[in-house]
Amino acid sequence: FLYLFYGVTSGGKTYTMSNIINEKANEGCFDELDFSCYEIYLDEIYDLLDNRKKIKLTEEKKKIRWDKDMFLSAIKHRHVGPTLINKLSSRSHLIVEIKDSIYVDLAGSERAKKTQAIGTALREAQSTNKSLLELGIVIRNLSEKSSYINFRNCNLTLFLKNYLLTCRLSVIICVPLHSEEENHEAFKFGIGRIGEKKMKNVKGQLNLIKWDEQDEEREIIEN
């Protein structure tokens, strides 16, 4: 399974993905399994289990036996930074591989006009938006059974290539309850433009999760 957690910044993606992984771990689903943990930041890949070492896709991936404390420690090394709409905004895509499944917490799509990002924050947002757009194009091309699909426009699609071609795909769209305008923009961009009909063409399913940050609750409202 390939799980993609998508939505605007502050949509509860990291919380939702971490909870799902922890719930499966508590049920013993990952016992005796190896895992790896990466981030893609400014289109570069970093191993979060190896002191955020920059790696290339051609390198052998480091895997260790599943350990919840190691998982929680690894994700804390992810790049985060403040924006006008999220003081702890994830600035990278987080990727967790566990045996034949992969969980991807996609950095939130942003509009510079809304966040007023400059400097590094602006470059981060531009890189994130480009990779989300490319991922949406790849999934749309897969759903339309295109004769040629370009995975090479960014490291996110290159990293996920084999999973996109072989795995069942589940897109979990996380939307904060307090931001209807941002949610609307997210659905017009990247993965958000992919309808349920097209998801079925790529052996997928589409879940919509509403996120209440104050109450720390999530509710699946569409399957």
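This is a predicted model: local features need pLDDT of at least 70, side-chain atom pairs count only at pLDDT 80 or more; totals for chains, interfaces and linings use all residues.
Me: How do you know which parts the predictor is confident in?
Reply: pLDDT is the predictor's confidence in each residue, from 0 to 100. The protein chain averages 81, and 78% of the residues score at least 70. Over residues 213–223 pLDDT stays under 50.

Me: Why is His93 called buried?
Reply: Buried means under 20% relative accessible area, exposed over 50%, and partly exposed in between (1.4 Å probe, protein chains only). His93 has 2%, so buried it is.

Me: What is His93 in contact with, leaving aside its neighbours within four places in sequence?
Reply: Contact means heavy atoms within 4.5 Å. The partners of His93 include Tyr38, Glu39, Asp105 and Leu156.

Me: What lies 2.9 Å from a polar atom of the side chain of His93?
Reply: The backbone nitrogen of Ala107 does. A polar contact is a pair of N or O atoms within 3.5 Å; within protein, one must be able to donate a hydrogen and the other to accept it, and residues adjacent in sequence count only if both atoms are side-chain atoms.

Me: In what sense do β2 and β3 pair?
Reply: Helices (H or I, at least four residues) and strands (E, at least two) are DSSP runs, numbered from the N terminus, and two strands pair if DSSP finds at least two bridges between them. β2 and strand β3 (residues 44–47) have four bridges, in the antiparallel sense. Tyr38 has Asp47 as its bridge partner in β3, and Asp47 in turn is partnered by Lys53 in β4. In the hairpin of β2 and β3, Leu42 takes a positive phi near 50 degrees.

Me: What makes Arg65 and Asp34 a salt bridge?
Reply: The rule asks for a side-chain nitrogen of Lys or Arg within 4 Å of a carboxyl oxygen of Asp or Glu. Their closest N and O atoms are 3.0 Å apart, which meets the rule. Arg65 lies in strand β5 (residues 64–65) and Asp34 in strand β2, so the pair ties together parts that are 31 residues apart in sequence. Both residues are partly exposed, Arg65 at 46% and Asp34 at 33%.

Me: What about Glu39 and Arg52: how are they labelled, buried or exposed or in between?
Reply: Glu39 is buried at 0%, while Arg52 is partly exposed at 32%. Their salt bridge has its closest N and O atoms 3.7 Å apart.

Me: How many salt bridges does the rule give?
Reply: Six. One of them joins Glu97 and Lys61 at 3.2 Å, N to O.

Technical notes:
Residues are numbered from 1 along each chain as its sequence is written. Side-chain values use heavy atoms; hydrogens and water are left out.
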